[in-house]
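Hello,

Here is the structure we talked about handing over. Please have a look at it first; my notes follow below.

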Amino acid sequence: YDKSIKKEMDKLDKVIDEHEKELNKIGIKKKNDKLLFDNEKLKKASKKDIDALFTGTDCFMKKATKELRKLDKIMQEKEYSIVTRQYASITKYSTEEMELALSANVLKSTVGLMIDKSKNINQSTDAAERIQILKNLS
């Protein structure tokens, strides 16, 4: 695996860890390197707790988006070679490499979805509507 990708994934994990308390307040927690949603906590989440994650210059969403953009740029810059006239090929990947790739894709999709939903959240003034938008994430 590429060390620069691993480095960016570690930074993204650090952002999640830094905001663990805020995420937990709205029902999002990290377990076994996955983000899990608790609908009951989400229903009880206050507007203040939701806003803390999605608004402001130092919020979780801005930091996570920044790290995901860096990761996406690194991934796009990687070159892939294509071998012509080869009839069969076996590529062996380590479990760590496969888990890293899978985690990056899942995290990118999750944060991307959260970004899309946060636009709706920021446009909404009704707390119940904000909670419903977040609830639809899970």
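**What I found**

Among contacts in the protein between residues at least 6 apart in sequence, 68% join residues at least 24 apart. Contact here means heavy atoms within 4.5 Å.

A word on the source. This is a predicted model, in which local features need pLDDT of at least 70, side-chain atom pairs count only at pLDDT 80 or more, and totals for chains, interfaces and linings use all residues. Residues are numbered from 1 along each chain as its sequence is written, and side-chain values use heavy atoms, with hydrogens and water left out.

**Layout**

The protein has seven helices and two strands. Both kinds are DSSP runs, numbered from the N terminus: helices are H or I with at least four residues, strands are E with at least two. Along the sequence the pattern reads α-α-β-β-α-α-α-α-α. Of the 138 residues, 29% are buried. Buried means under 20% relative accessible area, exposed means over 50%, and partly exposed lies in between (1.4 Å probe, protein chains only).

**The hairpin**

β1 and strand β2 (residues 34-37) pair in the antiparallel sense, over four bridges. Two strands count as paired if DSSP finds at least two bridges between them. Lys-30 stands opposite Leu-35 in β2. Lys-31 faces Lys-34 in β2. Two residues separate the strands of this hairpin, and Asn-32 in the turn has a positive phi of about 55°. Another positive phi, near 100°, belongs to Gly-56, which follows α4.

**The core**

In soluble globular proteins, nonpolar side chains tend to be buried together. Here the largest nonpolar core has 26 residues, and Ile-26, Phe-60 and Met-61 have the most contacts inside it. Such a core is a set of buried Ala, Val, Leu, Ile, Met, Phe, Trp, Tyr and Cys residues joined through side-chain atoms within 4.5 Å. At least two residues of this core come from each of α1, α4 (47-54), α5 (60-77) and α6. The largest share, six residues, is from α5.

Some residues to look at:

- Met-61 is in contact with Leu-53, Phe-54, Val-111, Met-114, Ile-115 and Ser-118, leaving aside its neighbours within four places in sequence.
- α4 has several buried residues: Asp-49, Ile-50, Asp-51, Leu-53 and Phe-54.
- Leu-107 lies in helix α6. Leu-107 counts as buried because its relative accessibility is 10%. Not counting residues up to four places away in sequence, Leu-107 touches Leu-12, Ile-16, Leu-35 and Leu-68. Leu-107 and Leu-12 are 95 residues apart in sequence, yet 9.1 Å apart in space, C-alpha to C-alpha.
- Glu-67 sits in helix α5. Is Glu-67 buried or exposed? Glu-67 is buried, because its relative accessible area is 8%. Leaving aside neighbours within four places in sequence, Glu-67 is in contact with Glu-8, Lys-11, Leu-12 and Val-15.

**Empty space**

Rolling a probe the size of a water molecule over the atoms shows where empty space is left. The search ran on a 1 Å grid over the protein atoms alone. A cavity is a set of points where a 1.4 Å probe fits but cannot get out. A pocket is an open set with protein on both sides within 12 Å along at least five of seven lines. Lining residues have an atom within 4 Å of a point. Grid points are joined across faces, edges and corners, and a volume is the space filled by probe spheres set on the points.

By this rule there is one cavity of 30 Å³ or more. The largest cavity has a volume of about 40 Å³. Its lining consists of Ile-16, Asp-17, Glu-20, Leu-23, Ile-28, Lys-29, Lys-30 and Leu-35. Two or more of these lining residues come from each of α1 (3-18), α2 (20-25) and β1 (28-31). β1 gives the largest share, three residues. The lining of the largest cavity has four nonpolar, no polar and four charged residues. For these classes, Ala, Val, Leu, Ile, Met, Phe, Trp, Tyr, Cys and Pro count as nonpolar, Asp, Glu, Lys and Arg as charged, and the others, Gly among them, as polar.

The largest pocket holds about 640 Å³ of space. Its lining has 19 residues, of which Met-9, Asp-33, Lys-34, Glu-99 and Ser-103 lie nearest its centre. α6 (95-123) is one of the elements that each supply at least two residues of this lining, together with α1 and β2. α6 gives the most, with eight residues. The lining of the largest pocket divides into eight nonpolar, three polar and eight charged residues.

Best wishes
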